[in-house]
Number of protein chains: 2
Amino acid sequence: MSNSTQTFATIITIGDELLMGQVIDTNSAYIAKQLNNIGITLKRRVAIGDDEQEILKALETEKLDASIIIMTGGLGPTADDITKPVLCKYFNGSLITHQPTLDHITNLFANVLKRPMIDRNIKQADIPNVCTVLENKVGTAPGMLFEKDDVMFFSLPGVPYEMKWLMENKVIPLIAEKKTNTFIEHRTLITNGVGESFIAEMLVDFEQQLPSNIKLAYLPNYGLVRLRLTGYGNHQENLTSSIHQQFHQLKSLVKDIMLVDEDITLEALIGKLLKERKQTLATAESCTGGYISHLITSIAGSSEYYEGSVISYSYAAKEKVLSVEKNILEKYGAVSEQTVSLMAKNVLELLNTDYAIAVSGIMGPGGRTADKPIGTVWMAVASKHKLITKIFRFRFDRKKNIELTAINALILLRELIVDKG
Amino acid sequence: MSNSTQTFATIITIGDELLMGQVIDTNSAYIAKQLNNIGITLKRRVAIGDDEQEILKALETEKLDASIIIMTGGLGPTADDITKPVLCKYFNGSLITHQPTLDHITNLFANVLKRPMIDRNIKQADIPNVCTVLENKVGTAPGMLFEKDDVMFFSLPGVPYEMKWLMENKVIPLIAEKKTNTFIEHRTLITNGVGESFIAEMLVDFEQQLPSNIKLAYLPNYGLVRLRLTGYGNHQENLTSSIHQQFHQLKSLVKDIMLVDEDITLEALIGKLLKERKQTLATAESCTGGYISHLITSIAGSSEYYEGSVISYSYAAKEKVLSVEKNILEKYGAVSEQTVSLMAKNVLELLNTDYAIAVSGIMGPGGRTADKPIGTVWMAVASKHKLITKIFRFRFDRKKNIELTAINALILLRELIVDKG
């Protein structure tokens, strides 16, 4: 994967809360992806505390391996933030009031936040006099760019929304202008139903014939395995043609287990299929408690094809809203093929849709019965003409059982749609 | 925060996918929290690629600052994993078949996964002959413990479920036995309605009088600010008493803005309140598409107080399932005080609960109208005797608007419950 023409970056994330495990670092993955898109290779990610010595050491160390260093965090208004004074020390500057930033903060408090501004907010306009200020239109702390020994050091606020805005509008354009000469391209497909090691076995010969600038990665997650080809090169057209050819071959090798030949979520895939066909969907969820509906509606524009859901967490809700007869519930139980079949058919009719999903199961830790262990899930997908049911036995904790149920329900629905059910 | 009696750890996360931004690293936060609980201070977290030189360098560097090093990732069955050979090199060992691991994998494939086992799976039982094998009961790759120069090096699989099992059952007990002498205690409370800088201003004197072994941190997130006191000490009882006293004082200083004096999620808080009162809840969601219901049902035991939800994404669903009259929808629109009031009252009656939440809004990027910009949300919470409505105008992207709507709906419900509405 190493390549002499590559440009390397590293990320330094600053904040005691990261070392306490109180927050999950989602910023790094976002930044990595953005850099990747413009052909920058991320070499390393480091998370450190709000500590002068640690920050200075990280700057000195990372600079040895990268010509782009992106720092996030440590710029909030409260006392545990010490990043700016350390940056002054490292880059031989001092803090001065940056008038455009102060005007921006004053305006934000007066007209948007509608709260009085206090000293701490004003201090956010104090900026080292040795950096280029990157205006932050969506928050109070601006981004900063320092340059030293041909290395670009960016410092960004840790609030994900603000960091993202600055990356997209300031950092990426600046890097693209100064640093990129290598192209990176990815092609991803998603498989289902076969384990990572089995696929790897199928692809031994394919991997061996890959040119040295193209690499295959296996990304298993929740029973799906993503296969990603990554190519590097200095000539965009050659790279595109070469990776296109390899991807074509890869697809033909795994065609029997391939769900889709792009890197999208299952909920986006379902949305795409329904939109193309101008069809609609409803769901009836018991054990997943709204998670399937949440995934579907996380897609912008889902109101075009999604009518809604009945989350029937209790017997009463199943009877009253979904018209599942009491004697069915009593005879077979809420977690049964009979119950989910009725849930699917009835919600399809209730909301007058082309397709319906229904799930009912025992997610744990409580709720097991003699013949139904934790992780038992019945699901049904229905169209006007067809009903498919399936039982699963997941063996994980509540959270993962809910996620696996949702993913498998979407996979089952895809089968029904593609089958023209 | 530095303290000569502290024991330091660092985390090394291995995998190209982390540097591509294809996965979010949730393992590190979990490991950090577990270490913290037994008094180990995390010094740094590093993420690197599947690259021999990078792994060797990280081991050598991190060893200088920590006596516990936890590696995750790089142990999967496919070709891009090179961790074990590198560990052999670094610790002067060689790979040998570990019979108990091989027996475990064989049994797992035969009786649980019910798939044939192939060479790659068998290779997972190849273990460096210079480590202590940590049996992994929930997966194929075992954990490993290497010891060198009084430093404990743990290597764990990257699959979160397996990593967690090994941390809890193997790693933490081993560390607790050999390394702990410092105690750490946390106390957290959650505030709402006032910004971080304002709270910091209120607490200037409090922060100044804190003893040097107790530290206050501000953790703002989605309009809530968590205030966390962290204390370090060698004497458990003194530490507990000192932090208890400071927390008591902190609580009295912020009592007007405090939601709860422990570190729990809002959905867990709502669950606790409803359980205590033996009361029940239903929801009617439009714009959040099931996310509120998902949060509520993510709590184990929520079936005791949660009846279910109607996700009425379309006009038709609002009319048909929630009995919101067509003329109300046409006159005021789906996003209106009138509509959410009816949604709340009707779902309360439909599912016969003590409380109900209803939300309707425009989450973006589409859907704005002349008088209702993106981010406009109406919400209502109802009991049998009372109805509270509130309008919000969020100014973020779809995902964050959905999350903020859910959090504020739970806050509004808490007010109604605590108010004995």
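I take helix axes as lines fitted to C-alpha atoms over the stretch in contact, with angles running from 0 to 180 degrees between N-to-C directions. Helices (H or I, at least four residues) and strands (E, at least two) are DSSP runs, numbered from the N terminus.

**Ground rules**

I am working on a predicted model, where local features need pLDDT of at least 70, side-chain atom pairs count only at pLDDT 80 or more, and totals for chains, interfaces and linings use all residues. Residues are numbered from 1 along each chain as its sequence is written, while chains are lettered from A and ligands numbered from 1 in the order in which they are written.

**Entry: α3 and α4, chain B**

I looked up helix α3 (residues 52-62) of chain B against helix α4 (residues 83-91) of chain B. They pack at about 50°, and their axes are 10 Å apart. I call angles under 35 degrees roughly parallel, over 145 roughly antiparallel, 65 to 115 roughly perpendicular and the rest oblique. α3(B) and α4(B) are therefore oblique to each other.

Next I listed the contact, counting two residues as touching if their C-beta atoms, placed from the backbone, lie within 7 Å. From α3(B) come Glu52(B), Ile55(B), Leu56(B) and Leu59(B), and from α4(B) come Thr83(B), Val86(B) and Tyr90(B). I sorted them by class: Ala, Val, Leu, Ile, Met, Phe, Trp, Tyr, Cys and Pro are nonpolar, Asp, Glu, Lys and Arg charged, and the others, Gly among them, polar. The contact of α3(B) with α4(B) has five nonpolar, one polar and one charged residues.

**Entry: α3 and α4, chain A**

I then checked helix α3 (residues 52-62) of chain A and helix α4 (residues 83-91) of chain A. Their axes come within 10 Å and cross at roughly 50°. That makes α3(A) and α4(A) oblique to each other. α3(A) passes α4(A) in a right-handed crossing. Glu52(A), Ile55(A), Leu56(A) and Leu59(A) of α3(A) meet Thr83(A), Val86(A) and Tyr90(A) of α4(A).

Leu87(A) also sits in helix α4 of chain A. Is Leu87(A) buried or exposed? I call a residue buried if 20 or more other C-beta atoms lie within 10 Å of its own, exposed if 12 or fewer, and partly exposed in between, with C-beta atoms placed from the backbone. Leu87(A) is buried because 25 other C-beta atoms lie within 10 Å. Beyond four places in sequence, Leu87(A) touches Pro128(A), Phe146(A) and Ser155(A). Met117(A) is 30 residues from Leu87(A) along the chain, and their C-alpha atoms are 25 Å apart.

**Entry: α2 and α7, chain B**

Helix α2 (residues 27-37) of chain B packs on helix α7 (residues 160-179) of chain B at about 15°, axes 11 Å apart. α2(B) and α7(B) are therefore roughly parallel to each other. Their crossing is right-handed. α2(B) gives Asn27(B), Tyr30(B), Ile31(B) and Gln34(B); α7(B) gives Pro160(B), Met163(B), Lys164(B), Met167(B) and Ile172(B). By class I get six nonpolar, two polar and one charged residues.

**Entry: where the chains meet**

I found 75 residues of chain B in contact with 74 residues of chain A. On the chain B side, strand β14 (residues 306-312) of chain B gives the largest share, seven residues. That side divides into 35 nonpolar, 23 polar and 17 charged residues.

Leaving aside neighbours within four places in sequence, Leu219(B) touches Glu17(A), Gln22(A), Val225(B), Arg226(B) and Arg228(B). Leu219(B) is buried, with 22 other C-beta atoms within 10 Å.

**Entry: cores**

I searched for nonpolar cores, meaning sets of buried Ala, Val, Leu, Ile, Met, Phe, Trp, Tyr and Cys residues joined through C-beta atoms within 7 Å. The largest has 110 residues, and those with the most contacts inside it include Ala344(A), Val347(A), Ala344(B) and Ala358(B). Ala358(B) touches residues including Ala284(B), Val340(B), Met343(B) and Met379(B), not counting those up to four places away in sequence. Apart from this core lies another of 84 residues, among them Ile14(A), Met167(A), Leu35(B) and Ile48(B).

**Entry: chain A overall**

Chain A has 16 helices and 17 strands. Of its 421 residues, 47% are buried. Its C-alpha atoms fill a box of roughly 80 × 60 × 40 Å along the principal axes.

Methods:
A crossing is left-handed if the near helix is turned anticlockwise from the far one by less than a right angle, and right-handed if clockwise.
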